[in-house]
Amino acid sequence: MAKPKVKSLPDLSHLAQENAEITVRVTPKAARDSLTEDDGGLRITVTAPPENGKANEAVRQLLARAMGVAPSRLQLRRGHTARDKTFVFTRA
């Protein structure tokens, strides 16, 4: 899968703590990929459709890129088919 084309991503390196849970709100099939941080948490929009895990993988790639870590370090714990998802950052 190609890296998402995003003009600017917020620096989320502070979230890269072992076993940290990261909650995001996802909008699939958007016009463009984006990641915004606001009062309610993280909002991610991806162009991928919500079928066969494509949107989940796109979200994981985008979040990892903003955090400055490898995508394999993020595990989707909750929300496989929901808009609200929880990822866990692991060191190993």
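Predicted model: local features only at pLDDT ≥ 70, side-chain atom pairs only at ≥ 80, totals over all residues.

**Labels and the values behind them**

User: Where does Asn-52 lie, and what is its phi?

Analyst: Asn-52 lies in the loop between β3 and α1. Its phi is positive, about 55 degrees, although Asn-52 is not a glycine.

User: Which class does Lys-29 get, buried or exposed, and why?

Analyst: The relative accessible area of Lys-29 is 62%. The cut-off for exposed is over 50%, so Lys-29 counts as exposed. Lys-29 sits in the loop between β1 and β2. Its phi is also positive, near 55 degrees, in a residue other than glycine.

User: What about Pro-10: which class, and why?

Analyst: Pro-10 has 22% relative accessibility. Buried needs under 20% and exposed needs over 50%. The value of Pro-10 falls in between, so the label is partly exposed. Pro-10 belongs to the segment before β1.

User: What is Pro-10 in contact with, leaving aside its neighbours within four places in sequence?

Analyst: Leu-35, Glu-37 and Ala-66. Contact here means heavy atoms within 4.5 Å. As for Val-46, it is 36 residues from Pro-10 in sequence and 16 Å away in space, C-alpha to C-alpha.

User: And why does His-14 get its label?

Analyst: His-14 has 44% relative accessibility. That value lies between the 20% and 50% limits, so His-14 is partly exposed. His-14 is also found in the segment before β1. From His-14 to Arg-43 is 29 residues in sequence and 17 Å in space, C-alpha to C-alpha.

User: What makes α1 mostly covered?

Analyst: The count does. Ten of the 14 residues of α1 are buried, each with under 20% relative accessible area. Among them are Ala-55, Val-59, Leu-62, Leu-63 and Met-67.

User: What do the buried residues of α1 pack against?

Analyst: They pack against five strands: β1, β2 (34-38), β3, β4 (74-78) and β5.

User: How do you know that the span of α1 agrees with its 14 residues?

Analyst: At 1.5 Å a residue, α1 should span 20 Å. The end C-alpha atoms of α1 are 20 Å apart, so the span agrees. Gly-68 follows α1, with a positive phi near 75 degrees.

User: Why is β5 described as largely enclosed by the rest of the structure?

Analyst: Five of the six residues of β5 are buried, so the description holds.

User: What makes β1 and β5 a pair, and in which sense do they run?

Analyst: β1 (residues 21-27) and β5 (residues 84-89) have five bridges, in the antiparallel sense. They therefore count as a pair. Thr-23 stands opposite Thr-86 in β5.

User: How many bridges join β4 to β5?

Analyst: Four, and the strands run antiparallel. Leu-76 has Phe-87 in β5 as its bridge partner. The hairpin of β4 and β5 has five residues between the strands, and there Gly-79 takes a positive phi near 95 degrees.

User: In which sense do β1 and β3 pair?

Analyst: β1 and β3 (residues 41-45) pair in the parallel sense, over four bridges. Thr-27 stands opposite Thr-45 in β3.

User: Which residues make up the covered face of β1?

Analyst: Ile-22, Val-24 and Val-26. The uncovered face carries Glu-21, Thr-23, Arg-25 and Thr-27.

User: How much space lies in the largest pocket?

Analyst: About 160 Å³. It is lined by 13 residues, and the closest to its centre are Pro-50, Asn-56, His-80, Ala-82 and Lys-85. Helix α1 (residues 54-67) gives the most to this lining, with three residues. By class, the lining has five nonpolar, four polar and four charged residues.

Conventions:
Residues numbered from 1 in each chain as written. Heavy atoms only, no water. 1 Å grid on protein atoms, 1.4 Å probe; cavity = no way out; pocket = protein on both sides within 12 Å on 5 of 7 lines; lining within 4 Å. Points joined across faces, edges and corners; volume = space filled by probe spheres on them. Helix = DSSP H or I, 4+ residues; strand = E, 2+ residues; numbered from the N terminus. Nonpolar A, V, L, I, M, F, W, Y, C, P; charged D, E, K, R; others polar. Buried < 20%, exposed > 50% of the residue type's maximum accessible area, 1.4 Å probe, protein only. Pairing = 2+ DSSP bridges. Expected span 1.5 Å × (residues − 1).
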